[in-house]
Amino acid sequence: LYNLVSSVVSYLGLLSFGFGSAYMRYYSRYKVDNDEKNIAKLNGMFLIIFSVIGFIAILAGIILVFNVDLIFGNKLTINELSTARILMAIMIFNIALSFPASIFNSYITANEKYVFQKSLQMIRTLVNPMIMLPILLMGYKSIGMVVVTTILTITVEISNIIFAFKKLRMKFMFSKFDLMLMKEMATFSFYIFINMIIDQINWSLDKFVIGRFRGTVAVAVYGLASQLNTYYLSLSTSISNVFIPRVNRMVAANDDRRELTNLFTRIGRIQFILLSLICSGLIFFGRPFINMWAGIDYDDAYPIALLLIVPVTIPLIQNIGIEIQKAKNMHKFRSWVYLLMAIGNIFLSIPLTKLYGGIGAALGTAVSLVVGNGLIMNLYYHNRVGLDIKYFWREIMRFIPA
């Protein structure tokens, strides 16, 4: 039930419209010129934008809460629907609060203060189960989980705000906004927004479809595999995310194709070494691990996890390329390709879910990932973005025997 509700509420994250990536691009442009005044204007503009988005999220969330029975259909019991309303209300408050707070996190990232940022995330990750387990043992179930998550989120956001003001001397200016810049950012962000929709479809729609046709037990099994996939994704992005400011500076300064290809390949090699270890470990030991961790009832999570994790390895070792596209303002093509992938995923996943349950849903996602990321995007990187993909794959192939 927790997984099912969160998969629906997560769609409200689309309201950010991709402005977070736009902030990094334009901040880097001003930082290269040491233009503190325009950085302050940028901060003010984004704080207003995200505050408005947070308010819209609350309004949209109220509509969702009052229509829970229409959203989840007849697969949930009356008690489950009642709990779902409470879960949804708390999650909506959580996500609405995160919008205006995200500007401070983006500012910390842009200044490359990763020790503070990652330490805070690590503390949150460690504290979470220490609080969550007693809450669950006391019988508060999914509602207790959501309350704990919300409290931790608020604590982290307040810490980010204090750090941004006290240590980084973050400044805001709420006057004389550049309307032409706003229009340019809106165009830039629109295509990132399309990508966000696609990400939500690829990683959240499966749970919703399974919930509609197979019920909450099947969602729980798929949710376990999805959780492993989320860990896998985070291992990759934790490496590439720290290079986002550098990529934007490199493109803003000289846009040297050779330098970008070398960075793209170096990061990809490191990601491949780490991910291939995890992936091969899952292939050989995944089933007994899942049975020991979650129980024999979750055995089907093993093939689902493989169908999600193995195909996604290709885009994960190339995800710094996404930031290169954004920095060059060449991410439009990827948006349209991913939109077609998402549509294909929907048409594949619904009939496959009816036939094979969670395994069918994962298979639909796997096919769309292989075609879109494995083939089309690699051709685009090589022919249009200017990255030497042949060199990249030669370097990766050297590691495959090991």
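Modeller: A salt bridge is a side-chain nitrogen of Lys or Arg within 4 Å of a carboxyl oxygen of Asp or Glu. This is a predicted model, in which local features need pLDDT of at least 70 and side-chain atom pairs count only at pLDDT 80 or more, while totals for chains, interfaces and linings use all residues. Residues are numbered from 1 along each chain as its sequence is written, and side-chain values use heavy atoms, with hydrogens and water left out.

Biologist: Why is the contact between Arg269 and Glu395 called a salt bridge?

Modeller: The closest N and O atoms of Arg269 and Glu395 are 2.9 Å apart. The cut-off is within 4 Å, so the pair qualifies.

Biologist: What makes Glu395 count as buried or exposed?

Modeller: Buried means under 20% relative accessible area, exposed over 50%, and partly exposed in between (1.4 Å probe, protein chains only). Glu395 has 11% relative accessibility, so Glu395 is buried. Arg269 has 21%, so Arg269 is partly exposed.

Biologist: Which residues are linked with Glu395 in a network of salt bridges?

Modeller: Arg269 and Arg398 are linked with Glu395 in that network. The side chains of Glu395 and Arg398 meet at 3.0 Å, N to O. Arg398 has 60% relative accessibility, so Arg398 counts as exposed.

Biologist: How do you know that Glu112 and Arg249 form a salt bridge?

Modeller: Their closest N and O atoms are 2.8 Å apart, and the limit is 4 Å, so the name applies.

Biologist: How many salt bridges does a search of the whole structure find?

Modeller: The search finds six.
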